[in-house]
Amino acid sequence: MGIGYYLQFGFAQHALEAAFLVAASCGLIGPFVISRSMAFAVHGTSELAFTGAVGGLLVGGNPIFGALVGAVVVAGLIGTLGRRPSERDSTIGVILAGGLGLGVYLLGFYHGYASEALNILFGNIFGVSTGQIVLLATIALVVAVVMGIIWRPLLFASVDPDVAEARGVRTGLLGLVFLFVLAITVTEAAQLVGTLLVLSLAITPAAAAQRMSVSPNVVTLLSVTFAVVSAEGGLLLSFQFASVKPSVLIVAISFAFYVVGRLLGPTLISRRRRRTLVSAGAPTGPDHLAELHP
Amino acid sequence: MSSTPAAVVELHQAAVELGGRTLWSDLTFSVDSGEFLAVLGPNGVGKTTLLKVLLGLVPLSAGTVRVNGEAPHRGNDEVGYVPQLRAFDQNLPVRAKDLVRMGLDGHRWGPHRRSRASRQRLDDVMEAVGATAYAEAPVGLLSGGEQQRLRIAQALLGNPRVLLCDEPLLTLDLASQDGVTDLIDRRRREAGTPVIFVTHEVNPVLPYVDRILYLVCGRWAIGTPAEILTSEKLTDLYGIEVDVIKVRGRFIVLSAEHDLPTEPGGHAHHHSELPH
C-alpha cells in the first residue's frame, strides 16, 4: 500500500492540495519573518490558534473559523501593545501565556472530543474537507495578493526603515498589515503541521534560502519552493511509511534543506562575492579597511 | 520675506514641537540652488527634526515651509535623503544594487516591471558613485565607505532637487569621509542641487560649506562659517562663555566653565549630553 494506493482517495488528494496552499503562503512570508525578526510572533500566533479553535468549537462547532478569528485578535493585540521593537517579544510572551491559559480553561467546557482542538496543536492534514480546501484556497489567494501589493514597500521598510520612512513609506502601517497576514497564514499552517511545527514551514525554508542566495527575489522563490517540496514530500513519504506522522516527515525535509543551506551556502555566496571583488580589482584602498565602528 | 526664484527650501517663522516640547521656533531662512548649508548644534536640538519637516514627516506647529515651492509631502521624488551608516546583517539577502534601486521604486505598491531606461539609470548612477564593482555584493559585507556611496546613489536615482544629509560621515574613516563628501559636492556643482547637511562635526565639510545654521536649545543663528564660528556668536547662542579656536584651518569650540554638549569640530574636549 504505497503512494499510488492512497492517491485514489479523496482525503489524500485534499491533503496534498491543502499542503500546497499552506506551504506556499508560509514560504512567501518566511523571508520577511526573518528580516523583521518575527520568529517569536510566528510561534505565539500559531500556539494561540489552539485557543481560537477551542473558542470556535464552543461557540459554533467550527475550530478553523475560531482559530482565524483568534489569529486576527492576537495580531491586533501584538500590533497595538507591542508597537516598539524592544517590547514586542515580551508582549507576545505575555499574550501567549494568557491566551493558552484561557484556551485550557475553555477546553473544560467542551464536552465533545477534545481531539478537534488538540489537532490544531499537532496538525491533522488528513481530515480536510472540500469546504476547508475552498477556505484555505481563499486565504492563500488573499495572502498572495496582499503580499504582491505590499512587497516592495515591505522589503524597503524591513531592510532600511529610516530611508523607507523618508521616502514616504508608512512603515508602521505596513508592519501591522504584515502582522495580520502572518497571523492568518500561520493559523492556516497550524491545521497542517500543527502549531508546534509551524516554524518548519514559515521559517526553516526561508532560512535555508537565505543561505543560498543574496537576491531578495531568488530567496523568496527558493523559500516557497522549499516549503512546498517539504510539505508535499512529507505527505507523499507518509503514504509510503505509514508508521511515521506526516508532520515529522515535513519537518525532516525542511530541516534537511536548512542543513544543505548551511553546508553549501558559504561556498555559493563567497564565490559570488569573490567574483565581485576580483572584478573590483583587488580592494586595497583605505575605503576597504575596517571601520572603527563596524 | 524675500523669495528669490532660486530658493529651493524656504522656512518662514517656523516652529516645531515634539512631545509637547518646542524644539525651535521663529526659524526663518532659505536655501538657494547650489548652496551647501551645514546644520550644527548639540544633540536633541532638532537638527534631524528639521530634515523630517522638509521630508514631510513632521508638521510645523507654526509658520510655513516650502520645498521646491510647495508644502513638503511624503514620498517626494524631488527630495533626496542620505542617512547615517547602518549596520546591516551579514546574511541579509539584499545586494548593493537592490538597496540603491529601492531609492527609485521601493515605496511603490504592487508588482513591478522595470524598464530598460530605469535599469540604465541604475547602472549610470552606480558608475557615477564608483559602486559598479560591488553592485552584486550583499550589503552586509560592504565597508562603511562603500555603503555610504550606495546611499548617495540611492538618493541621486530620483534626480532630486535638494539633498538632505543626516550625519552621513558618522563613524567613517577619514579617506571615506572625503570620498563621500566629494560625491555630494560634485552633485551640487554639476546639477546645482543644494545640500542641507546635518552634522556634529563641521571640519570635514568646512571646505564646501557656504553657510551654517547653528541650533542651540531653541536659539539659532545662520551665516557664513566666518560669521557663525566666532567666540562672540557661540557665547551668545549657548549663553555661556565659549571660545572658538582656529587651528590649521580646523575649528575647535571650547568652554572653560562647562562641558559643551557637542562641539562642532574636533574632539579636543570630552563630550557630555545636554540634559532634557
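Helix α1 of chain B, residues 47-54, lies across β1, β2 and β4 of chain B and runs at about 120° to β1(B). Bear in mind that this is a predicted model.

Those strands make up an open three-stranded sheet in chain B, ordered β2-β1-β4 and paired antiparallel. At its edges sit β2 (21-32) and β4 (62-67) of chain B, each with pairing on one side only. On average, neighbouring strands here are turned by 20° against each other, ignoring direction.

Zooming in on one pair, β1 of chain B (residues 7-18) and β2(B) share eight bridges in the antiparallel sense. Within this part of the sheet, B:Ala14 stands opposite B:Leu27 of β2(B).

## Two domains in chain B

Chain B splits into domain 1, covering 7-225, and domain 2, covering 229-270. Taken over C-alpha atoms, the centres of these two chain B domains are 26 Å apart.

## The largest nonpolar core

The largest nonpolar core holds 163 residues, and the members touching the most others are A:Val22, A:Leu182, A:Ala202 and B:Ile196. Helix α2 of chain A (residues 10-35) supplies the largest share, with 13 residues. Where does this core sit relative to domain 1 (7-225) and domain 2 (229-270) of chain B? Both domains give residues to the core, so it lies between them.

Leaving aside residues up to four places away in sequence, A:Ala202 touches A:Cys26, A:Ile29, A:Gly30, A:Val33 and A:Val42, along with A:Val186 and A:Ala189.

Key: Residues are numbered from 1 along each chain as its sequence is written. Chains are lettered from A and ligands numbered from 1 in the order in which they are written. This is a predicted model: local features need pLDDT of at least 70, side-chain atom pairs count only at pLDDT 80 or more; totals for chains, interfaces and linings use all residues. A nonpolar core is a set of buried Ala, Val, Leu, Ile, Met, Phe, Trp, Tyr and Cys residues joined through C-beta atoms within 7 Å. A residue is buried if 20 or more other C-beta atoms lie within 10 Å of its own, exposed if 12 or fewer, and partly exposed in between; C-beta atoms are placed from the backbone. Helices (H or I, at least four residues) and strands (E, at least two) are DSSP runs, numbered from the N terminus. Domain bounds come from an automatic or database domain assignment. Two residues are in contact if their C-beta atoms, placed from the backbone, lie within 7 Å. Two strands pair if DSSP finds at least two bridges between them. Axes are lines fitted to C-alpha atoms, for helices over the stretch in contact, and angles run from 0 to 180 degrees between N-to-C directions.
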